[in-house]
Amino acid sequence: MDIKNTNIGIIAGAGQFPALVARTAKAAGAKVFICGFTGHTEEQLAQEADDFTIINIGQLGKLLKFFHGHKVKQLCLAGAIKKPNILDIKPDLRATKLFFKLTKNKQGDDALLRTIAAELQSEGFEVVQAANLVPGLHAPAGVLTKTAPSQEHWESIRYGWPIGKSLGAYDIGQCLVVYKKMVVAVEAMEGTDATLERGGSLSKDCIAIKMSKPGQDSRTDLPAIGLNTVNILAGHGYLCLAYEAGKTLFFDRDEAVKLADKHGIAIVGVEEKDL
């Protein structure tokens, strides 16, 4: 993706992803303009940008004005947004119209992100996948750890995988916790970390599965794991982490694999042929 001498816009949430995208884009010769959200985005992210602004969620008009003002043509979404209580969102007129569109159609995380992407495109922006700017984040296929999944682990993975995909078709979660071919926890609005905490509190020796939803818009959201994921797994006695290879982002991979090795946790990137 050639972005030299272009103006890249980043709609930034929490975590290290926006900073990684910004640094890579600037190294490739682009100018970077970042819009973050109060209570979600770290303000020190301003150091990575040619210009930075922070707004409240729901101020769509301000977001559009910021990026148009900097003649941005390509936009990407990077970083986590904690799902706020709907009462905390004070939408401006433009956002209210967007939410009205959503209420008339299918609702859910992916549906919301698709609606946002379509609205941005209607404004003349090209919505691009942030991960394409940092391709090394894509998690590979195969076993990454010294410990490989056992036959029993694979049985649980193969049991849980179609269940997770079925739930994903309803725009529900990206994470499933399985114990000996029994579903222990399913991700809903609480997010992956809370799901793993909840599953681990119910049973030891579980398998965590992280996957994309069928038909998910990869420009706006991809499953993500990282060092904190493995910290949670280690703290709750998980045995294995299986993720969808090529469709999952893996942050701090080297450190995460070392930690998994220390605790005897298997990490494996799953492909269709493995199921």
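Reader: Which residues of helix H8 (residues 253-262) are buried?

Author: Glad to start there, with the reminder that this is a predicted model. In H8, Ala256, Val257, Leu259 and Ala260 are buried. That word stands for under 20% relative accessible area.

Reader: Why are the buried residues of H8 said to line one face of the helix?

Author: Seen down the axis of H8, the buried residues fall within an arc of 160°, so they line one face. On the other side of H8, Asp254, Lys258 and Lys262 are exposed, a term for over 50% relative accessible area.

Reader: What covers the buried residues of H8, and what follows H8?

Author: The cover includes helix H7 (227-235), strand E12 (249-250) and strand E13 (266-270). H8 is followed by Gly264, which has a positive phi, near 70°.

Reader: What makes Phe66 and Phe67 an aromatic pair, and why is the pair called edge-to-face?

Author: Their ring centres are 5.2 Å apart, with 65° between the planes.

Reader: What makes up the largest nonpolar core, and which residues touch the most other members?

Author: This core has 26 residues, of which Ile10, Phe17, Val21, Ile34, Cys76 and Leu249 touch the most other members. Strand E1 (7-12), helix H1 (17-27), strand E2 (31-37) and strand E4 (74-78) each give two or more residues to it. The largest share, 5 residues, comes from H1. Leaving aside neighbours within four places in sequence, Val21 is in contact with Ile10, Cys76, Ala78, Ala130, Leu133 and Val134. Apart from this core lies another, of 21 residues, among them Leu196, Cys206, Ala245 and Ala256.

Reader: Why are E3 and E5 called edge strands of the sheet of 5 strands?

Author: The order of that open sheet is E3-E2-E1-E4-E5, with parallel pairing. Strand E3 (51-55) and E5 each pair on one side only. Inside the sheet, 5 bridges join E1 to E4. Two bridges are enough for strands to pair, so E1 and E4 count as paired. Gly9 stands opposite Leu75 in E4. H2 packs on this sheet, touching E1, E2, E3 and E4, and its direction makes about 170° with that of E2.

Reader: How do you know that E7 and E9 pair in the sheet of 6 strands?

Author: Strand E7 (residues 175-178) and strand E9 (residues 207-210) are joined by 4 bridges and run antiparallel. The rule asks for at least two bridges, so E7 and E9 pair. One of the partners is Lys210 in E9, which bridges to Cys175. The open sheet has the order E6-E13-E11-E9-E7-E8, and its pairing is mixed. Its edge strands are E6 (142-143) and E8 (183-186). Helix H6 (residues 192-202) lies across E7, E8 and E9, running at about 155° to E8.

Conventions. Residues are numbered from 1 along each chain as its sequence is written. This is a predicted model: local features need pLDDT of at least 70, side-chain atom pairs count only at pLDDT 80 or more; totals for chains, interfaces and linings use all residues. Side-chain values use heavy atoms; hydrogens and water are left out. Contact means heavy atoms within 4.5 Å. Axes are lines fitted to C-alpha atoms, for helices over the stretch in contact, and angles run from 0 to 180 degrees between N-to-C directions. A nonpolar core is a set of buried Ala, Val, Leu, Ile, Met, Phe, Trp, Tyr and Cys residues joined through side-chain atoms within 4.5 Å. Buried means under 20% relative accessible area, exposed over 50%, partly exposed in between (1.4 Å probe, protein chains only). Rings of Phe, Tyr and Trp (its six-membered ring) pair if their centres lie within 6.5 Å; planes under 30 degrees apart count as stacked, over 60 as edge-to-face and the rest as tilted. The arc is that of the directions from the helix axis to the C-beta atoms.
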